[in-house]
Amino acid sequence: WEILHFGSTAARDGTADADTDGSSDRAEFVAGTVPTNAASVFDLQFAGITNGNPSFGWFSLTNKLYWIEKSTNDATFVTIASNVPGSPTVAVYEDTNAVPLTGSLYYWVRTGIGTNVADCVSDAIFHRINTSVGSGGTVGFASQWVPQGSNVTITASPSNGYHFVDWTGSIGSTNPVLNITVTQAYDSVIANFEINTNGITSSAGPNGTIAPLGVVWVDYDASTNFLITPDPNYHITNLVVDGSPVAITNDYTFSNVTNAHTIEAYFGLDQYTLTIASDHGTGTPPPGVYTNDYGSVLTNWVTGLDTQGTTQYVCMGWEGGGSVSNGAGTNAVVVLVADSPLTWLWATNYWLATAVSGSGSVGVSASWQESGSNVLISATPSNGSHFVNWTGDAATTNNPLNLTMSQAYSVTANFEIYTNGIT
C-alpha cells in the first residue's frame, strides 16, 4: 500500500498526513481512502434530519464495516450501532433514539479492526431547540433537533387581541423574529405574550360624578361599566360616548372592548313646572305651564279687580300645592322645588243701583255688593210724603226691601206727597 501510494516504504510511519486532509496516513490505510488525495477522505458528507431524528452520511466502502458512537458532552462516547455495512460512496445512519430531548448530541463514525482504527475526520453534531409558549400566541417552530451550523428562523405570532412581549429562557430578546445560526443547544425558548389593553377615558362636568374617573384600562374583548351620579337636585343632561350623544343612563356599559373609547357626562339643575290657572283678571305671567330650574324664585301677580259691566271680580288670594302654599293677596312668591299648581281665587260682586222718585231717601246708596249677600234697603219719605213702592228689578211695596245679591240690581224707591181735601 505504501509502495502503491508513495513509491516506497521508506520514511513512512503512518502518523503523517501526506494530503493534509485531516486523516493520518495510517487512518487512510484503515479507511481505504487515498492518502495523497485530499478529496478522498473518511469524513462526513452531510448531517440532517430524517423523520425528526438526527441523521448523517459519511464516505464509505462496501467492503468496510463501521460503528457509531454517541456522546452528550463531546467527551464520553458510547457505541450505539456496530457492524454497520458500508455502501457505495456514502453510508447513512438515522438515530431513532435521540435522547434526551435536551442539550447537544455528538456522533463519531469509526472503522477498522483491533488497534487499527480510523475515526471519521468530523463529528456529526446536533443541537436541540425546544420552544414553548403561554396563552396568547403561537411559535412557528416546533421543538426539534438541528444540525450544527444551520440557520433557523423562529417567529412568535400573537393571537387576536394579544401582543408579543419578549423571549425568555435560553434566549432573551424583544424581537418577535429570531434568526439563529445554531452553534449550541437552546433547551428553553419561551415566547411571552400579553393581552392588549385599551384605555377608556372618562370625565364629568360640574355638579355630578362618573366612576371610575380618568383612564381605565380594559383587557381586549372584556367589558366594563361606568356609574354616573348627579349631585342632589341635578340630573344628567348629556352623555357623550366617543364624541356622539347616547341615550342617558346612570349606568353605561362598554361591551367587548377592542379599541380606545371616551365617555363624558354633563349635568344640569333639575327642572319643575309651575302651572298657573285663573278665571279672571290679568296675570303676570298669564295662566299656563312654566318650566324652571330647581330653586328658582318666581314672582307671580294679578290685577286685583276685574270689572265687567255690573259684575266685578275681586282677587282673594291663591291656593296651591307642591312648592306653593295657600295665601292671600295678589302677589305670590314661589321658590320652586317641585312640580306645583297655583290657582288664583276670585270673589264676585254685583252692582246695586238705588234711586229715589219723589221726596224721600233710601238707606243704601249705589254700591258693589258681595254675591249671595242679603242687603236690606229702607225707603224713608220726607215730611209730607209717603212711600209708595219699589220699581225696577224689584217691584214690591215691602219696606224695607230685602235683596239676595244673586245678580246686579237697579231699584227705585217711589214717594208721593200727601194730599188733603178741603170741603
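Predicted model: local features only at pLDDT ≥ 70, side-chain atom pairs only at ≥ 80, totals over all residues.
Residues are numbered from 1 along each chain as its sequence is written, and side-chain values use heavy atoms, with hydrogens and water left out.

Let us start with the overall form. The C-alpha atoms fill a box of roughly 215 × 30 × 30 Å along the principal axes. The radius of gyration (taken over C-alpha atoms) is 60 Å, whereas a compact globule of 423 residues would have one near 22 Å, by the rule of 2.2 Å times the number of residues to the power 0.38. The chain holds 37 strands and two helices; these are DSSP runs numbered from the N terminus, with helices (H or I) of at least four residues and strands (E) of at least two.

Of the 423 residues, 36% count as buried, meaning under 20% relative accessible area; exposed is over 50% and partly exposed lies in between (1.4 Å probe, protein chains only). Among contacts (heavy atoms within 4.5 Å) with a separation of 6 or more, 53% link residues 24 or more positions apart. As for charge, the chain has 6 positive and 32 negative charges, with mean positions 52 Å apart. Lys and Arg count as positive and Asp and Glu as negative, leaving out His and the chain ends; each charge is placed at NZ of Lys, CZ of Arg, CG of Asp or CD of Glu.

Strand β1 (residues 44-50) runs antiparallel to β2 (residues 53-60), and six bridges join them; two strands pair if DSSP finds at least two bridges between them. Two residues lie between the strands of this hairpin, where Asn51 takes a positive phi near 55 degrees.

Thr89, with a phi of about 75 degrees, is found in strand β5 and counts as exposed because its relative accessibility is 53%. Asn233 has a phi of about 70 degrees and sits in the loop between β18 and β19; at 30% relative accessibility, this residue is partly exposed.

Further along is an open sheet of three strands, in the order β24-β26-β29 with antiparallel pairing. Its edges are β24 (283-284) and β29 (331-335), each pairing on one side only. Five bridges connect β26 (residues 297-302) with β29, and Thr299 stands opposite Val333. A cis peptide bond joins Thr284 and Pro285, with omega about -5 degrees, and Pro285 lies in the loop between β24 and β25. Another cis bond runs from Val99 to Pro100, in whose case the proline belongs to the loop between β5 and β6.

Finally, consider two buried residues. Cys315, in strand β28 (residues 311-320), counts as buried because its relative accessibility is 9%. Leaving aside residues up to four places away in sequence, Cys315 touches several others, including Val302, Trp344 and Trp346. Asn198, in strand β15, is buried at a relative accessible area of 12%; its contacts include Trp217, Tyr220 and Asn259.
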